[in-house]
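Have a look at the model first.

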Amino acid sequence: MSRAEIQVQDLHKSFGDNHVLRGIDLEIGQGEVVCVIGPSGSGKSTLLRCVNLLEEPTGGRVFVGGTELTDPDVDIDAVRRRIGMVFQQFNLFPHLNATENLTLPQRRVLGRDKATAARIAAENLARVGLADKARAYPSSLSGGQQQRVAIARALAMGPEVMLFDEPTSALDPELVGDVLAVMRRLAEEGMTMMVVTHEMTFAREVADRVVFMDGGVIVEEGGPGQVIGAPRHERTRHFLSRLLDPAMAEVEEEAPDQVGGSGE
């Protein structure tokens, strides 16, 4: 593996009595794409949010680019500038057009002048295939276009690492492909990416590694051909069979496991 861009060491996170993360160890190399999969409540989104300290770990350490985010003396704002985050919801400012949604954080957080911010905004809207939507407001854009604007906004900040938390889960099925195509291009460009997803085709085709989580632990990890194509653990096989067999998933939704609160 190349130099570790993200390191998670013995990470724990509890919400009251709910122990959501139970000693996670994970490294992601520079330019590596890692997809994190698992059932709802497995802790995968909580893990992602701990990587940039949107959730403060109960125990353990997190490093990004060699800097420890969990060090009490760290300049967390400076480290976060190196991390792009894309959420399930688009979180665009509804009163600002696409260009303004990209320029505002650049000017406020990075101190870029108006002309520089506008140039970088235009470059990144083109990067996600939305150069013609520069003046469009979120209400006039499809969900997939809004998510691509959100990705462009994160890219405009010049991140070294991109974190994606189920970026297509709020989209209609016909809108998913354009968002995944943008993510594929980022992977081809060598962006370090940690992606929480249920899109198994994307994980199989794009990920360097797939991590399967359940019950707050990493159950299995490896290349996508191994984890998705020939999983070693019964829990992994069961999860994947539910994705491939909707009828089975519906039966189990009617009789869910009796577990604690969601880990996500």
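Predicted model: local features only at pLDDT ≥ 70, side-chain atom pairs only at ≥ 80, totals over all residues.

Residues are numbered from 1 along each chain as its sequence is written, and side-chain values use heavy atoms, with hydrogens and water left out.

**Terms for the helix pairs**
- Helices (H or I, at least four residues) and strands (E, at least two) are DSSP runs, numbered from the N terminus.
- Axes are lines fitted to C-alpha atoms, for helices over the stretch in contact, and angles run from 0 to 180 degrees between N-to-C directions.
- Angles under 35 degrees count as roughly parallel, over 145 as roughly antiparallel, 65 to 115 as roughly perpendicular and the rest as oblique.

**α3 against α4**
- Helix α3 (residues 98–110) packs on helix α4 (residues 114–127) at about 130°, with the axes 9 Å apart, and the two are therefore oblique.
- On the α3 side, the contact (heavy atoms within 4.5 Å) includes Leu102 and Arg107, and on the α4 side it includes Lys114 and Ile120.
- Its residues split into seven nonpolar, five polar and two charged (Ala, Val, Leu, Ile, Met, Phe, Trp, Tyr, Cys and Pro are nonpolar; Asp, Glu, Lys and Arg are charged; the others, Gly among them, are polar).

**α4 against α5**
- Here the angle is about 135° and the axes are again listed as 9 Å apart, which makes α4 oblique to α5.
- The crossing of α4 and α5 is right-handed.
- Ile120, Asn124, Leu125 and Arg127 of α4 meet Val149, Ala152, Leu155 and Ala156 of α5.
- That contact has six nonpolar residues, one polar and one charged.

**α3 against α5**
- α3 and α5 pack at about 30°, axes 9 Å apart, and are therefore roughly parallel.
- α3 passes α5 in a right-handed crossing.
- Ala98, Asn101, Leu102, Pro105 and Gln106 of α3 meet Val149, Ala152, Arg153 and Ala156 of α5.

**The second largest pocket**
- About 630 Å³ of space lies in the second largest pocket.
- The lining has 24 residues, with Arg80, Ile83, Met85, Pro105 and Met157 nearest the centre.
- α2 (76–80), β6 (83–86), α3 and α5 (143–156) each supply at least two lining residues.
- By class, the lining has 14 nonpolar, five polar and five charged residues.- A pocket, on a 1 Å grid over the protein atoms alone, is an open set of points where a 1.4 Å probe fits, with protein on both sides within 12 Å along at least five of seven lines; lining residues have an atom within 4 Å of a point.
- Volume is the space filled by probe spheres set on the points.

Notes
Left-handed = near helix turned anticlockwise from the far one by under 90°.
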